[in-house]
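Reader: I have a new model open and would like to go through parts of it. Can we start with the helices?

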Amino acid sequence: MNRFLPDDFEALPADSFDKEQIVRPPTTYLKDVWRNFKKRKTALVSLIILAVIVLMVIFGPMMTKYNYYSNDYGAVNQPPGGEHLFGTDTLGRDMWARVWVGGRVSLIIAILATIIPYAIGMVVGGISGYFGGKVDLVIMRLVDIMLGIPSMIYNILLMIVLGSGNILTLVIAFTITGWLSAARTTRGLVLQLKTREFVMASETLGASPGRIILRHLIPNTLGISVVGMTMTIPNIIFSEAFLSFIGLGVAPPNPSWGQLIKAASETFKNYPYQFTIPCACISITLLCFNLLGDGLRDALDPRLRT
């Protein structure tokens, strides 16, 4: 016997199905990250300032008729003015051109010495975390031993052995020690990810360990790695400036911010602008990268998304 009568039912209103529609516009992961990043005003301003600095190191030397290596002994130690916007140094070279060319060298070293070690460290950390066991034990103990010695000691010794004076040797010196922290961070993330369902599904379908590490595990650690890179770049800039200051960095006449500071430190009392301008460039760049890293960390953290 039918327990329901026609009077027990009521027709739905015509607009009832509209309430089930998704009113939020469709988005992607990158759009979601950018939306959250824009809410961090300090990080957004830092990104704009860094974009201006990058444009200046590319096009700044073209804005003057002087190059960074030519000497003009009739215009030695001129203060900043209309002819020389940042003044000249003790050899009559235009400081505007030298500052921006030096910034180009410093940023190239910092970016290459960050991306290359992180690529190596992420692969090594992924292998260590995925395979575990003896492989993980050997790799992590090697990392612990190398991390037990300050990286600056490695860098100084390597610069003495490889020879200082060019970008390649600096990048190699920073790369040999720079992958250690990236490997440890990636290894910790992979240990958490390798028990997830998508990894188990890939293993069930017969995917090789290399494919799982490179196509599934490492891409899922990129968020944390990008934040780590933005924090590492200012450290590399500072380290390069220190090595140049003690005479193990970029050799003259090729400038870098650190090499400019070293050269200006000898005449700081008489010509302070030669020292303060490259110092200001380094300080602003380091501050902006740190603030950018904080903003990216907040934007990439799913717990802080709104």
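Author: There is a kink of about 35 degrees in α6, centred on T175. The bend at a residue is the angle between axes fitted to the seven residues ending there and the seven starting there. Helices (H or I, at least four residues) are DSSP runs, numbered from the N terminus.

Reader: What kind of model is this, and how are residues numbered?

Author: This is a predicted model, where local features need pLDDT of at least 70 and side-chain atom pairs count only at pLDDT 80 or more, while totals for chains, interfaces and linings use all residues. Residues are numbered from 1 along each chain as its sequence is written, and side-chain values use heavy atoms, leaving out hydrogens and water.

Reader: How far apart are the end C-alpha atoms of α6?

Author: They are 37 Å apart, which agrees with the 39 Å that its 27 residues should span at 1.5 Å a residue. The expected span is 1.5 Å times one less than the number of residues.

Reader: Now α5. Which residues are buried?

Author: N155, L158 and M159 are the buried ones in α5, buried meaning under 20% relative accessible area and exposed over 50% (1.4 Å probe, protein chains only). Seen down the axis of α5, they fall within an arc of 100 degrees, so they line one face of the helix. That arc is taken from the directions from the helix axis to the C-beta atoms.

Reader: What is on the other side of α5?

Author: I160 and V161, which are exposed there.

Reader: And what comes just after α5?

Author: G163, with a positive phi of about 95 degrees.

Note on methods: Helices (H or I, at least four residues) and strands (E, at least two) are DSSP runs, numbered from the N terminus.
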